[in-house]
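I opened the model and kept notes on what I looked up. The entries follow in the order I made them.

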Amino acid sequence: MKVGDLVQQGSRMIEMRKRGKKQDPSKRVGVVIEIHEIPPEMLNGRSDWAKILGRTIDVLWDNGKLTKNFAENSLEVVSEG
């Protein structure tokens, strides 16, 4: 994943539910605007979580909302920028 890629929220990390029923992942598309590397202190004490979640990603969604620090592994690239 790199800056400029188009992404959607995937269902690898979280399964969304409403009133007990599984919800489909959002179909919103966003652009990766910044990627933050995993801080060294996270790799020391919580390396298992750091590997599962990946880097933190800032995404600008098609509705104009900016989401900061999205878990990299919860996003799916739909088009490389």
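I count a contact when heavy atoms lie within 4.5 Å. With that cut-off I listed the partners of Ile-57, leaving aside its neighbours within four places in sequence: Met-1, Val-32, Glu-34, Ile-35, Thr-67, Lys-68, Asn-69, Phe-70, Glu-72 and Leu-75.

Ground rules. This is a predicted model, in which local features need pLDDT of at least 70 and side-chain atom pairs count only at pLDDT 80 or more, while totals for chains, interfaces and linings use all residues. Residues are numbered from 1 along each chain as its sequence is written, and side-chain values use heavy atoms, with hydrogens and water left out.

Entry: overall make-up. I take helices (H or I, at least four residues) and strands (E, at least two) as DSSP runs, numbered from the N terminus. On that basis the protein chain has two helices and seven strands. Along the sequence I read the pattern β-β-β-β-α-α-β-β-β. Of the contacts between residues at least 6 apart in sequence, 57% join residues at least 24 apart. I also noted the accessible surface (Shrake-Rupley method, 1.4 Å probe; for residues, only the protein chains shown count as cover). The surface of the protein chain comes to about 5,800 Å², and carbon and sulfur atoms hold 50% of it.

Entry: the sheet. Two strands pair if DSSP finds at least two bridges between them. I found an open sheet of five strands in the order β6-β5-β4-β1-β7, with antiparallel pairing. Which strands stand at the edges? They are β6 (66–71) and β7 (75–79); each has a single partner strand, so one side of each is left without a neighbour in the sheet. The twist averages 45 degrees from one strand to the next, with axes being lines fitted to C-alpha atoms (for helices over the stretch in contact) and angles running from 0 to 180 degrees between N-to-C directions.

Entry: bridges of β1. Strand β1 (residues 6–9) is joined to β7 by four bridges, and the two run antiparallel. Towards strand β4 (residues 30–36) I found two bridges, again antiparallel.

Entry: β5 and β6. Four bridges join these antiparallel strands, and Leu-60 has Leu-66 in β6 as bridge partner. The two strands form a hairpin with four residues between them, and Gly-64 in the turn has a positive phi of about 90 degrees. I found a positive phi at Asn-69 too, about 60 degrees, although this residue is not a glycine. Asn-69 sits in strand β6.

Entry: Buried means under 20% relative accessible area, exposed over 50%, and partly exposed in between (1.4 Å probe, protein chains only). Buried residues make up 23% of the 81 residues in the protein chain. Asn-69, at 51% relative accessibility, counts as exposed. A nonpolar core is a set of buried Ala, Val, Leu, Ile, Met, Phe, Trp, Tyr and Cys residues joined through side-chain atoms within 4.5 Å. The largest one has seven residues: Val-7, Val-32, Ile-57, Val-59, Trp-61, Phe-70 and Leu-75. Strand β5 (residues 56–61) gives the most to this core, with three residues. As background, nonpolar side chains in soluble globular proteins tend to be buried together.

Entry: aromatic rings. Rings of Phe, Tyr and Trp (its six-membered ring) pair if their centres lie within 6.5 Å; planes under 30 degrees apart count as stacked, over 60 as edge-to-face and the rest as tilted. How many aromatic pairs does the structure hold? I found one. The centres of the Trp-61 and Phe-70 rings are 5.8 Å apart and the planes stand at 65 degrees, so the pair is edge-to-face. Trp-61 is buried at 10% relative accessible area, and Phe-70 is buried at 15%.

Entry: the helices' surroundings. Leu-53 lies in helix α2 (residues 47–53) and is partly exposed, with a relative accessible area of 29%. Leu-53 and Ala-71 are 18 residues apart in sequence and 5.3 Å apart in space, C-alpha to C-alpha. Pro-39 lies in the loop between β4 and α1 (40–45) and is partly exposed at 33%. From Pro-39 to Ala-50 I noted 11 residues in sequence and 9.1 Å in space, C-alpha to C-alpha.
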